[in-house]
Amino acid sequence: MRAFVLAGEPSGDRLGGALMTGLRTLSPDVEFAGIGGVEMRAQGLESLFPMDELSVMGIAEVLPRYRHLLRRMHQTADAVLEWQPDVLITIDVPDFALRVAREVKARSDIRTVHYVAPSVWAWRPGRAAKMARSIDQVLALLPFEPPYMEAAGMRCDFVGHPVVSEPVASDAEAAAFRTDTGIGDAPMILVLPGSRRNEVARLAPIFGEALRPVLARHASARVVVPAAAPVAATVAEQVKRWPGAPLVLDPSDLPRAQAAERKRRAFAAADVALAASGTVSLELAAVRTPMVVAYDMNWISWQIISRMVRVDSATLVNLVTDSKAVPEFLGPACRPQPIADALDRTLEAPGKQLAALDATMEALGRGGEAPGLRAARAVLDGLA
């Protein structure tokens, strides 16, 4: 069996790595080609080109690179058609991935699977019908998504989110992290300004200013910043301007497994987190770390996107639990003082979020079969 797997950002790379592991378990003779990052390369993938070329978010941010991305789309589609896989599996990055799938479908009958259902329940509901012209099957992370895809004529399988089966640090490991870093019993604030360079450049100054009043009120608090590998240098430069002498965890200075373990321990050790909007909120929920979520983007991108959105939350914990358990500050609301006030409130009463964090993990499949294996089983069943 041959599978061409395409991911375009770190969260998709994790999904792809888990799916590839599942496919290898169920079909040991599987061969892979495609585009991916660290997790997918660990499963034997030789990426067609560096995955981080696709890690761009926001309409205004994409425009300057559009011609280059278009060349990469055609290059990727040509590679799929030349290799002739049994299945093309595209993971997230829909603006890129679905155009590749459309070009492949127009020139072949290769089966197409898209992993991560587009959030048509949130914005641009017409995407499902448009997607159905080139996608045969969708793998959904959220339990309420299949009906939206099936109504458009695609097979859709809820496979759960890989975060529910990823390892988490124990209380003893979290305590060891505090001891090893000299934090001890001090309040610990985890700060996560994103995994893309444009995110870090925009959010880091805001996050740094938000920390000033918090650290003024909690003088003993320590700030820890686990950096994503592609932006570690950018993060280290940005936090030089922050108060509190933040500790930056750069994964590039450790073997991959050791860096991942250190990150898990940091997540579990924190009293509260300030995080960019994204799947990192689920990683925090998995270890029951209360959080405040904030996100900003180019003004033009915000003006366009905010008029298209059909829901009033971008945080998965809030969406899955239909609540406002996690404070979030998006677009014009992403300002230092309101964020600081929310961090203070969460530090003082962290238990208010815990029920929502637990409910989220249960809804996403914790305790069941590993999502990567479920996803692989769904792909193979679709090929049968």
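Helices (H or I, at least four residues) and strands (E, at least two) are DSSP runs, numbered from the N terminus. The model is predicted: local features need pLDDT of at least 70, side-chain atom pairs count only at pLDDT 80 or more, and totals for chains, interfaces and linings use all residues. Residues are numbered from 1 along each chain as its sequence is written, and side-chain values use heavy atoms, with hydrogens and water left out.

View A. Ala174, Phe177 and Arg178 of α8 (residues 171-181) are buried, that is, under 20% relative accessible area with a 1.4 Å probe and protein chains only, exposed being over 50% and partly exposed in between. These residues lie on the same side of α8 because they cover an arc of only 95 degrees around the axis, taken from the directions from the helix axis to the C-beta atoms. Ala172, Thr179 and Asp180, on the other side of α8, are exposed. The buried residues of α8 pack against β7 (188-192), β8 (222-226), β9 (247-249) and α11 (256-269).

**View B. The largest nonpolar core.** This core (buried Ala, Val, Leu, Ile, Met, Phe, Trp, Tyr and Cys residues joined through side-chain atoms within 4.5 Å) has 91 residues, and Ile89, Tyr115, Met188 and Leu190 have the most contacts inside it. Helix α4 (residues 66-83) gives the most to this core, with 7 residues. Apart from it lies another core of 34 residues, including Phe207 and Trp242.

**View C. Arg72 and Phe49.** Arg72 lies over the face of Phe49, at 4.2 Å from the ring centre; the criterion is NZ of Lys or CZ of Arg within 6 Å of the ring centre and within 35 degrees of the ring normal.

Notes. Contact = heavy atoms within 4.5 Å.
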